[in-house]
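Me: I would like to work through this structure by question and answer, beginning with a term and then moving from single pairs to the contact between chains.

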Protein chains: 2
Amino acid sequence: MSVRSALAIAGSDSSAGAGIQADLKTIAAHGCYGTSAITALTSQNTTGVQAIHPVPAEFVAKQIHSVLDDIETHAIKTGMLYDADIVHAVVTALRTHYAGGTIPHLVCDPVSVSTSGHSLLDPQAVQVLVDELFPLAELITPNKSEAELLLSHVGMPYQISNVRDMVVAVGNLLRYGSKAVLLKGGHVTTSMSDVKQLLRERADIEVVPYGLLSENMEILQLVETEESDPGIVVDVLRQGRETTLFIRPQLDSGSTHGTGCTLSSAIASQLARGSDLKEAVKNAVVYTYLGIQTADPVGHGHGPLNHFHALVPKIIPRPTQQNPHPFTQLLIQGNASEWKEYVEHDFVKLLGRGTLPVKAFVHFIVQDYHYLKYYARAYGLLAAKSTSFEAIGSATQTIINVINELDTHKSLCESFGVTTERLENTAEAPATTAYGAYLLDMGLQGDTMKLLMALLACLLGYGEVGLWLRKQASLPRSWVVLDGNPYAKWMEDYSGAHYQGAVKLGLELIEARAAADPPSQARFAEWKEVWERCTRLEKGFWDAAMAAA
Amino acid sequence: MSVRSALAIAGSDSSAGAGIQADLKTIAAHGCYGTSAITALTSQNTTGVQAIHPVPAEFVAKQIHSVLDDIETHAIKTGMLYDADIVHAVVTALRTHYAGGTIPHLVCDPVSVSTSGHSLLDPQAVQVLVDELFPLAELITPNKSEAELLLSHVGMPYQISNVRDMVVAVGNLLRYGSKAVLLKGGHVTTSMSDVKQLLRERADIEVVPYGLLSENMEILQLVETEESDPGIVVDVLRQGRETTLFIRPQLDSGSTHGTGCTLSSAIASQLARGSDLKEAVKNAVVYTYLGIQTADPVGHGHGPLNHFHALVPKIIPRPTQQNPHPFTQLLIQGNASEWKEYVEHDFVKLLGRGTLPVKAFVHFIVQDYHYLKYYARAYGLLAAKSTSFEAIGSATQTIINVINELDTHKSLCESFGVTTERLENTAEAPATTAYGAYLLDMGLQGDTMKLLMALLACLLGYGEVGLWLRKQASLPRSWVVLDGNPYAKWMEDYSGAHYQGAVKLGLELIEARAAADPPSQARFAEWKEVWERCTRLEKGFWDAAMAAA
């Protein structure tokens, strides 16, 4: 999906709990790109609003045009609009920009009074809001007092006291011309038994609960019982003839500054991502609820929500053209010195020069034969641990490849005077056992990814050595000797297309696996440990060969 | 760590790529809480700045006071300050608020011209910036043209053309009174060989590279060679007598709108979290680099960075007082109907009433005996897969508990007329094999967490049944019968403190494991599948008992 963008037309809150600051955090937390047109600056903190600096209506319109002229916008939310001129300017800007077309999903939060009681909407603006903006809106999201204000007439105050009143009020509000109404019940006292009573009379009303435990969830130790009739919060959505109640437990929290901004921005973000309205409201209610529930205290009054409760650090960057293998790059660069001790080992350099003592090479190929048995068994374990025929088949193919190449390996040994009998009868060196048994231990301990991690250092390291020697050999006056080098065949094998193809496949597999299942910090640390251990075990393998010479 | 907070004093960018919008996103991406004092509104998009609405200097000061009076602030960054009055107001607000104390880490980005060439700082303001603000700053972060502007004198333009000029310029800039200077080299053409030449002459200069591949990383297929001398970007940090170069590959990207705002906010966030300056710059440079590298296109001009490249969705909410077991709650509520079919099984209800056919109960306890062998073996596998003595010991203790309770199990069987011989010789029912072998398969396939997931439904379900029956029994006119119920002992066992204690431990272990290693969406889906499968296998176990009656 390309970038989905949402525009917030609202006030600025210097303490960043509400206003465009809350809007942009919410939009970002939903994976969308947020833009803003600021209607008024507030000098504000968690204890209240200290001052307001309204922005000229024409400058509000300018900001809207700057954004819409350049950035494809999939949803728009309005918050604090402050006065009639600004409301009118917003309506005109939207009508002008989308003249002849369709305005994107528009969620209108008719902010009128701050949590701390500060007026954020000029009384004259209310009528403009109702007459001009609501008819463009897909949804309006008043709270109790905003709904009461909107439904009052001179000398006739309107009162919403319970969930039954709310259900009536959404019907009245719908007449103002928006496609739907969400009346927020945070300040309406209600209980589960009120709701149950209402539902007995109105079978057409749908209920969407969250976080309410039913019977037989005693184990969660949060038992809802008929007796205690715990506090709940109900938001009421009305679309056409459909009424839906979104119900959740009441939270006893001081972190509620900007709840309304957050909810309407979350709905707009969900709509921008393609959710239908009911799904959008459902997810936004949960997002906001968890934002309040998981908030840490900030400031001395009503603190902000935790807008990023649903995100954790990502360890491996996204692959890009410049860095197509970010996971492998992290592994290799994160352990560069040990990696170099392995792939630039004296064994490799002498082998490239053709001056490696034959005894060292013989020790190596004999032990490599033993190692290959562990290697094949590790792929057997990988097959046993796999859950798809594709993965089972691919692991099995590796075993078959190893077995098919045993004859080549034996010929290589023969050419250095090692008979198959001697090959079979030479005892395993401790470095071989350490490495081979470690592979199988990782396969026993962990999941397939851990086993793949253990198999990676061998695959990549020999690939690197092959590439490095080939590249060095191609340079003028190279230290790498090909003609008459007794180890030329070995170099060819590892720099050849066949082995390099396998390396490429393995590299892409591990990158794809890590991208599809991004590891936590703890899991990445585990993988890294396996990678580093195997890098050292590989070095140890060549150390042992050198020591044998 | 309590919430770390950073204040951004800067302009607003309606397109949200730069200004306080970029600042707040950056601060949030670093896990800090960001606040803002807006100095000027810009009507802006990725193609340029269309209009500016400066904010009265006294209102800028008001916003600063609103934030600092209420929210403990650990770092401050300044960006676009627009005119001399605003610079002066900012300095006065900070001096007044921190009179007699210490101003937090202050990073000053001397924004003067937008990427698109729009002037963002009144010429008269430059001197006020230098005279009044720089002496308060821990770091100033000019780019090439800002540094040239700051170092120019009437009739004497200053020119920075290469990395050598940069190293000289940071020394000159340091004289303006900030504790340190970071000169950004995004617009300075340089190469690796320039840097190497410089380092040969100046052994005192430290280099901090990122993303540059050294030899023997051929496998990553991004080969840096002496021949091609690829483009690099160098930022130069000067602190006291220390000079450090931060080097990275040049990126060919159109997504650079707000790079400077992002970098300075990232440094401020790192300082707020307690990093020292060099570490802060190092991490901020990488953060910004990856933000450019991973950005998706937005708008028609220079697009914004990807500020949230280092975050992925979190599946399990943070535990709170209201929801201490969020992982288990997700599992149980996510599969409520199957969970209920299991724990509210007819077998349980009839057992509670005391009317369960003896044949059903006998089938159950005989098969449970076979199941316990799988269960013990699964814990043996868990011990074998564990990496700490604590985990090995705890798995082993469970096996010992199972074995110790076999005598009790056998006595229960005897009391229903089943001899130990019959117990041993009764064939395993398919439902038993299915469940038991599934446990071992999960243990073979996955890591310890997957095995624990497989063991969870049994542990929690029997705990739930025990609690439910006990709670029901305690109600007036309960359907649960204790007196004369042949299964009373069984109920007692599972509702008793001993078993419930084990349930609590298991629940807390699984929650702690999931919190310490938060699963990706893919991994959570795997865990959920195991949980749901075991819930059905448990139900199947009781189905088989009922069918035997």
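Reply: Before we start, one definition is needed: helices are DSSP runs of H or I with at least four residues, numbered from the N terminus. Please keep in mind that the model is predicted.

Me: In which helix do A:Lys539 and A:Asp543 both lie?
Reply: The two residues are partners in a salt bridge, with their closest N and O atoms 3.0 Å apart. They are 4 residues apart, which is about one turn of the helix, and the element that holds both, spanning residues 521-547 of chain A, is helix H21.

Me: How many salt bridges does the rule count over all chains?
Reply: Side chains of opposite charge can pair when their charged atoms come close. The rule asks for a side-chain nitrogen of Lys or Arg within 4 Å of a carboxyl oxygen of Asp or Glu. Applied over all chains, this rule gives a count of 38.

Me: Are H13(A) and H17(A) roughly parallel or roughly antiparallel to each other?
Reply: Helix H13 (residues 358-385) of chain A packs against helix H17 (residues 430-445) of chain A with the axes 9 Å apart and at an angle of about 0°. Angles under 35 degrees count as roughly parallel. The relation of H13(A) to H17(A) is therefore roughly parallel.

Me: How many nonpolar residues does the contact of H13(A) with H17(A) have?
Reply: On the side of H13(A), the residues that meet H17(A) include A:Tyr371, A:Tyr374 and A:Arg377, while those they meet in H17(A) include A:Tyr435, A:Leu439 and A:Leu440. Divided by class, this contact has 2 charged and 6 polar residues, and the number of nonpolar ones is 10.

Me: How much area do chain A and chain B bury between them?
Reply: The size of an interface is often given as the accessible area lost when the parts come together. Here 112 residues of chain A are in contact with 112 residues of chain B. Of the area that the two chains bury between them, 58% is on carbon and sulfur atoms, and the total is about 9100 Å².

Me: Which strand gives the largest share of the side of chain A that touches chain B?
Reply: Between chain A and chain B the count is 4 salt bridges, and the side chains of A:Arg318 and B:Asp296 meet in a salt bridge at 3.3 Å, N to O. The rule also finds 46 residue pairs in polar contact across this interface. The largest share on the side of chain A, 10 residues, comes from residues 33-45, strand E2.

How values were computed
Residues are numbered from 1 along each chain as its sequence is written. Chains are lettered from A and ligands numbered from 1 in the order in which they are written. This is a predicted model: local features need pLDDT of at least 70, side-chain atom pairs count only at pLDDT 80 or more; totals for chains, interfaces and linings use all residues. Side-chain values use heavy atoms; hydrogens and water are left out. Axes are lines fitted to C-alpha atoms, for helices over the stretch in contact, and angles run from 0 to 180 degrees between N-to-C directions. Helices (H or I, at least four residues) and strands (E, at least two) are DSSP runs, numbered from the N terminus. Angles under 35 degrees count as roughly parallel, over 145 as roughly antiparallel, 65 to 115 as roughly perpendicular and the rest as oblique. Contact means heavy atoms within 4.5 Å. Ala, Val, Leu, Ile, Met, Phe, Trp, Tyr, Cys and Pro count as nonpolar, Asp, Glu, Lys and Arg as charged, and the others, Gly among them, as polar. Buried area is the accessible area (1.4 Å probe) that two parts lose on being put together, summed over both. A polar contact is a pair of N or O atoms within 3.5 Å; within protein, one must be able to donate a hydrogen and the other to accept it, and residues adjacent in sequence count only if both atoms are side-chain atoms.
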